[in-house]
Amino acid sequence: MFDVIESTLATMARGPQRFARALEFAVEGLGSQVTQDQLLKHLKEVGPGDDGLGLLRRKLAKWDNEDAEWASETEKNSDDRRLRIYELMELDEPWQKLCDERLPVQKLDRPTVIATEHAVWYTPEIRRGRDYYWSCYRDQLAKNGWAEDSLIQLDDSTNSIVERLADPTDEKAWQSKGLVIGYVQSGKTANFTGVVAKAADAGYRLIIVLGGMLDVLRSQTQRRLDKELVGKELLQREYINDPDWDDFLSHGAKPSEKGAFDFSRLTGPEADYKSLIYALEALKFEPHVSSEPFFHSDNLYRAPARIAVLKKNSKIIQRLLTDLSKVARGKIGAPLDQVPTLIIDDESDQASINTKSPSGGGIVRDRTQTNEAIISLLRMLPRSQYIGYTATPFANVFVDPSSEDDIFPKDFLISLPRPVGYMGVSDFYDLNAGPDDPKPNKADFVRGVRDKDEKPENLQRAVDSYVLSGAIKRWRAARNSKLKFRNHTMLIHLSEKQSDHKAMAKLVRATYAAAGYDAGKGLDRLVKLFQDDFRPVYERRGGDLEFPESFEELAIHLGECLTEIGEAAEAVLIVNNEHKEQTPDFDQQSVWKILVGGTKLSRGYTVEGLTTSYYRRRTGAGDTLMQMGRWFGFRRGYNDLVRLFIGTNEPVGRSGRTIDLYEAFGGVCRDEEAFRKELERYASMEERVLPVNVPPLVPQHMLRPTAANKMRNAVLEFRNFGGQLSESTYAPTDEAFIRANNAALSELLAEKTITERELVGVVRGAKRAQAALTAGFSTAELIKFLRAYKWYDPGSKESWRGNPLHLQIEFLEKKGGDHEIEDWILLAPRIGKPRTTTIIHEASFDVVHRSRHTEQPWRFHTYNDPAHRQYAEHISNQADVKGANAELNALRKPHRGVLIYYPVTEQKTGPAKEPFTVACTLLFPPNNIRSQLGFTVRRPDKPGDAVVSTGD
């Protein structure tokens with residue numbers, strides 16, 4: 001049937017056409033007797049991995065997202081677009097039902113774009129007319145197993161980036177500077193390779209990629225570009241012995257012989273940029289039509305593109321600068337101000353930013369050398385475009401700009417969508433769960449580690465999980481030829497100290513050697529792990545994957561796994577600067593090993609095939625959370641096998657404090673997710689939000705401060721909180737301040753009627769009853785309470801120099817317009833099993849436990865429970881609760897706000913003692929204020945500057 005489907009769809013190269021006629025031609029050409037009804041019956045019965053079904057899925061997905069005349073102005077990736085496809089294919093109801101059920105429209109997430117206005121030049125016509133390298137790259141990714149929806153998402157996000165660069169054929173030379181925010185281990189290299197392909201197709205003729213600070217990272221980036229973009233015909237013999245040589249892109253002939261252009265490489269896999277000396281012709285951009293500038297279309301599209309992948313090192317960048325200077329002085333080829341250039345800066349928050357700060361006497365040091373080198377490139381190449389890539393949303397390159405002359409992303413900020421098939425924050429954390437809700441992600445993928453590594457449930461179980469998951473991978477690969485597990489790794493991190501790495505490697509080797517996987521206790525442990533852990537998780541998470549019926553089926557594959565891992569002496573590799581020779585090269589070899597390492601694994605270096613992670617932090621470790629997120633990434637064919645073993649009671653220095661690393665990282669994750677959500681909201685607003693406006697919008701605790709002698713020029717003047725939730729989890733630790741806040745709450749509720757009510761409705765998918773205390777008060781009383789609240793200890797190291805809710809207070813004072821709020825309701829939920837109660841004006845309030853950030857003890861993680869929040873959203877008219885009872889509806893008014901109140905204790909066990917933290921969440925009702933944001937600048941004479949000096 002596959003041949004029939006393939007031949008049928010092959011006739012539809014220009015878009016959807018009448019299916020019955022295409023099928024008729026196909027079966028005639030194949031000498032087949034397959035009817036349309038038989039094909040429909042076959043597609044209904046096959047499994048989800050069927051090749052023919054997959055072919056039809058890819059074709060529909062392509063049409064769903066295509067810019068084409070046949071689409072008749074239907075929106076991409078919409079139900080209307082799919083109906084248009086059915087109409088053109090003349091599919092009857094049974095066929096439409098099959099496609100809707102088995103091949104539905106994939107509503108892919110789109111990138112979030114915050115940008116200045118730009119000239120429209122990268123049109124669908126340009127994209128279709130000049131797409132040679134993009135098409136080659138896309139086909140190469142498809143050949144490597146990329147799903148159609150992933151390719152569509154990549155196409156969409158790279159378009160969003162390239163269209164914001166300058167038109168390379170424009171008469172006027174101008175630079176754009178932007179930042180692209182991806183997820184940790186989420187394929188940023190794939191994204192910027194796509195951007196390079198499209199930019200080169202469009203006319204950019206000098207591509208400079210700053211590929212990391214380590215030789216191994218630069219080399220990896222070079223190889224990736226050579227393999228998937230440049231292609232065999234344009235390479236030297238460096239890769240002739242590469243184990244993947246057959247998988248390198250092949251054009252069939254030089255692209256220039258096929259009507260396209262060639263890439264000329266200035267660097268190679270082992271050779272970073274070296275001064276050209278007598279070979280400056282390599283940087284000669286020669287116009288074909290001498291009467292026209294080089295950027296003219298008659299010249300640009302015929303010229304080869306130069307590409308250099310440099311280590312992010314000032315001395316190496318300076319070599320290129322020196323040669324470019326020689327080219328300019330010697331007037332070799334076209335002037336540099338005529339050369340469209342693209343600069344890609346990978347991990348742009350590392351080394352690229354200017355970290356100058358005041359020294360003695362207030363004198364500011366010069367720029368860092370790497371930053372100065374990048375700025376010099378931008379100055380020397382007026383048609384250069386700078387794109388920084390990072391997985392750190394709070395990178396200094398974004399939040400701490402120096403001036404328009406630096407690499408601040410003045411033109412665009414693009415947050416990439418979560419990639420299809422990616423395991424990240426939302427897979428390891430239950431971000432939307434309430435404190436007392438079940439946490440399935442944590443239960444399935446996370447295993448807490450306490451006390452000594454030698455305890456059986458710690459390191460031994462982690463190594464057992466690694467071995468068992470390897471055997472299951474082998475079993476799956478034997479049954480499905482599409483699954484190829486070239487690498488299978490386990491990562492162990494406990495410190496940045498090399499001595500700790502040696503000690504842990506020794507312990508792991510001893511643990512592995514004594515594991516007894518050939519018989520006896522070792523096999524008994526694996527059987528128990530198979531039955532009690534891996535099978536239940538598979539049943540919940542396995543999806544279309546297969547799983548052995550019994551452990552006995554794994555016998556031969558367990559042997560294969562152990563053979564691949566090797567004997568104990570060779571099973572463990574130390575990855576640090578002292579043991580550089582042990583650092584595995586995933587491009588050159590298959591790696592089935594346990595890796596023990598430190599800072600070298602913290603960014604850029606991707607551990608391929610990572611399945612089991614063992615993360616702890618020993619006393620005195622100074623890297624805090626830098627290693628976090630290494631377990632994120634793409635886990636095709638084994639997402640149900642991933643396990644994270646993480647310390648939940650780790651000592652912090654000699655302070656006597658301990659840290660739950662899982663919870664600590666969860667706080668960082670929540671901040672980052674909140675940041676992305678905020679960006680989405682800003683991008684969707686009618687009034688344009690510019691990159692320079694974003695730092696003042698982000699909650700202060702997410703940002704590093706600017707240099708002491710500077711401040712952000714953009715000032716947020718007004719924000720409309722209508723229809724929104726607002727919660728500041730800053731809270732004091734000093735008992736006197738906590739008591740002061742309780743006194744302020746008591747004053748708010750003085751002489752108020754406090755009533756207990758039974759609220760009923762469909763909340764979080766089920767009909768629930770929730771008892772809660774309620775009381776009414778005015779907006780003026782709320783403002784007084786918010787002004788009196790002491791957020792945390794003044795004078796502490798991280799003390800707040802103002803009120804974090806000052807914008808909310810100003811909003812309530814109607815400084816941005818009439819919020820229309822008539823009154824407020826305090827909602828204090830009853831808790832099923834309260835720790836204790838506290839009395840306010842003879843009313844008994846249930847006390848709840850909430851935890852503070854270990855790294856930021858002046859903050860709690862969160863206050864409100866999602867279920868309680870839904871009741872409050874109903875009362876404040878932000879959302880509707882189905883099946884709401886009379887008592888719940890009686891609280892609801894069009895212009896009523898809600899304050900959810902919890903008395904909070906930080907004590908997990910034992911009797912909870914007063915005073916309790918006053919924890920509050922505000923829900924503002926919708927209003928008719930049209931403007932959502934208002935900005936001003938500190939320096940009207942410098943409105944375009946990101947920051948301004950306080951000394952001017």
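Residues are numbered from 1 along each chain as its sequence is written. Because the model is predicted, local features need pLDDT of at least 70 and side-chain atom pairs count only at pLDDT 80 or more, while totals for chains, interfaces and linings use all residues, and side-chain values use heavy atoms, with hydrogens and water left out.

**Confidence**

Let's start with pLDDT, the predictor's confidence in each residue, from 0 to 100. The chain averages 87, and 91% of the residues score at least 70. Helices (DSSP runs of H or I, at least four residues) and strands (E, at least two) are numbered from the N terminus. Confidence is highest in strand β24 (residues 823-829), with a mean of 98, and lowest in helix α15 (residues 396-399), with a mean of 44. Residues 396-401 stay under 50 in pLDDT, and the model has 31 contacts beyond four places in sequence for them. Contact here means heavy atoms within 4.5 Å. Residues 357-366 also stay under 50, with 14 such contacts. Where pLDDT is low, the predicted coordinates should not be read in detail.

Axes are lines fitted to C-alpha atoms, for helices over the stretch in contact, and angles run from 0 to 180 degrees between N-to-C directions.

| Pair | Angle | Axis separation |
|---|---|---|
| α10 (residues 188-202) and α11 (residues 215-230) | about 55° | 11 Å |
| α18 (residues 456-479) and α20 (residues 521-541) | about 70° | 10 Å |

The angle in the table makes α10 oblique to α11, and likewise α18 is roughly perpendicular to α20. The cut-offs are under 35 degrees for roughly parallel, over 145 for roughly antiparallel, 65 to 115 for roughly perpendicular, and oblique for the rest.

α10 passes α11 in a right-handed crossing, meaning that the near helix is turned clockwise from the far one by less than a right angle. Thr189, Ala190, Phe192, Thr193, Val196 and Ala197 of α10 meet Thr221, Arg224, Leu225 and Leu229 of α11. These residues divide into six nonpolar, three polar and one charged. Ala, Val, Leu, Ile, Met, Phe, Trp, Tyr, Cys and Pro count as nonpolar, Asp, Glu, Lys and Arg as charged, and the others, Gly among them, as polar.

The crossing of α18 with α20 is right-handed too. On the α18 side, the contact includes Val467, Leu468 and Ile472, and on the α20 side Leu529, Phe530 and Phe534 are among the residues. By class, the contact has eight nonpolar, three polar and five charged residues.

**Ala740**

Finally, Ala740 sits in helix α25 (residues 735-748). Its relative accessibility is 30%, so Ala740 counts as partly exposed, a class lying between buried (under 20% relative accessible area) and exposed (over 50%), with a 1.4 Å probe and protein chains only. Its C-alpha atom is 56 Å from that of Leu573, 167 residues away along the chain.
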